[in-house]
Amino acid sequence: MENPLCPSSVLSAFPDVFLKRMEMDLLQRFEAYVASEKKIEPKDWMPDAYRKTLIRQISQHAHSEIVGMLPEGNWISRAPSLKRKAILMAKVQDEAGHGLYLYSACETLGVQRDDTIADLHSGKAKYSSIFNYPTLTWADMGAVGWLVDGAAIMNQVPLCKCSYGPYARAMVRVCKEESFHQRQGFQIMMTLAQGTEDQKAMAQDALNRWWWPSIMMFGPPDDNSPNSAQSMAWNIKRFSNDELRQKFIDLTVPQAELIGLTIPDADLKWNEETGHYEHGPIDWAEFNRVIAGHGPCNKERLAARNKAWDDGAWVREAAGAHAEKRAARKAASNTAAA
Ligand code: BYC
């Protein structure tokens, strides 16, 4: 993508050696600026690779929010009470809002929202692995809120300090809402865990199925994470995948104990010396299968998104026609006033 502040028509007027030197200078100034914890804004100069990494991460993040509405939306009509239904509906709407802030933040980097969405629909773009698992019982709504939103907060709070201004600012509001989501999920789990034997078993079964996929959400281990080193050097990522995964485990295990549920990891143990929990091996083959499109629900999720897009064509058309009409009316009244 062409850098808007240095179009190629301008650059071609300079000799190569001079351009290389100029680019090196800009890069050094950019790196010093980022290292001093200042925010990069859309019109600032940035290396192409920084722009590409942000477009990749922010668009995938936006897709995750939108695809993430599907497994929970599935339970709105089956929530056990009017109160639970209203809460779940509000949460799913929040996720739509998160997707919209993130698509907007992504557009500030010079991409078109429709192109980004087309990449999701064609299967070219990734979205979080976690949303390729099915939500089988009401307890899954508790487990998703508690674990999935809990993992999301752990990952996203540091992103509020990310070096790209529009992404960092979008994350502030997202994190406030995620924190409500996490609590409502934990509260569902707590209620079930204090209920009948069947309800407690349902909560334990949901924890058993969501635990490992949730800790995979943080991404591959650090020694197999190709993007981490550069993203950390640019202050996009502030903690590594393994560091965040460990923080999540340390925080969540005592919460499970508090409500009398058991983390499904026979190797899990507290290490007094390190002050952290040690966990058993993660099935990275499963993670790789899921992100390659072969998880339990990948096909279903993409089909649902494509259908929603096609079914919504008339809404986009009507909104476009309405906007054109308003613009024409405004232009006519400006001409009349002049
Ligand atoms: N799933 O080098 P790495 C939510 C990919 S939504 C799928 O470590 P990076 C919610 C990765 O993209 C929360 N793919 O990458 C919504 C890369 O492939 P590409 C979503 C994954 O970017 C509704 C490759 O593996 N949160 O909370 O440095 C309801 C190598 O990885 C995953 C975000 O999106 C995965 N789990 O680090 C409820 C947070 N992990 O792109 C809740 C923003 C890795 O090179 N994103 N990959 O083809 C990030 O913080 C980072 O992108 C990641 C990965 C930590 C996820």
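**Exercise 1. Work out how helices α7 and α9 pack against each other.**

Let's start with the axes: those of helix α7 (residues 139-159) and helix α9 (residues 197-216) come within 9 Å and cross at roughly 30 degrees. This is a predicted model, where local features need pLDDT of at least 70, side-chain atom pairs count only at pLDDT 80 or more, and totals for chains, interfaces and linings use all residues. Residues are numbered from 1 along each chain as its sequence is written, and side-chain values use heavy atoms, with hydrogens and water left out.

Step 1: name the angle. α7 is therefore roughly parallel to α9 (angles under 35 degrees count as roughly parallel, over 145 as roughly antiparallel, 65 to 115 as roughly perpendicular and the rest as oblique). Axes here are lines fitted to C-alpha atoms, for helices over the stretch in contact, with angles from 0 to 180 degrees between N-to-C directions. The helices themselves are DSSP runs (H or I, at least four residues), numbered from the N terminus, and strands are runs of E, at least two.

Step 2: find the touching residues. α7 brings A139, D140, A143, V144, W146, L147, V148 and A151, while α9 brings M202, A203, A206, L207, R209, W210, W211 and S214. Contact means heavy atoms within 4.5 Å.

Step 3: sort them. You get 13 nonpolar, one polar and two charged residues (Ala, Val, Leu, Ile, Met, Phe, Trp, Tyr, Cys and Pro count as nonpolar, Asp, Glu, Lys and Arg as charged, and the others, Gly among them, as polar).

**Exercise 2. Now describe how α3 and α8 meet.**

Step 1: the axes of α3 and α8 come within 13 Å, crossing at roughly 25 degrees. That makes α3 roughly parallel to α8.

Step 2: look at who touches whom. L54, Q57, I58, H61 and E65 of α3 meet Y167, M171, V174 and E178 of α8.

Step 3: by class, the contact of α3 with α8 has five nonpolar, two polar and two charged residues.

**Exercise 3. Which helix gives the most to the lining of the largest pocket?**

Step 1: check the helix contributions. α7 gives the most, with nine residues.

Step 2: The lining of the largest pocket has 20 nonpolar, 17 polar and ten charged residues.

**Exercise 4. Find out what surrounds E286.**

Step 1: E286 sits in helix α12.

Step 2: leave aside neighbours within four places in sequence, and E286 is in contact with Y133, P213 and M216.

Step 3: compare chain and space. E286 and W212 are 74 residues apart along the chain, and their C-alpha atoms are separated by 10.0 Å.
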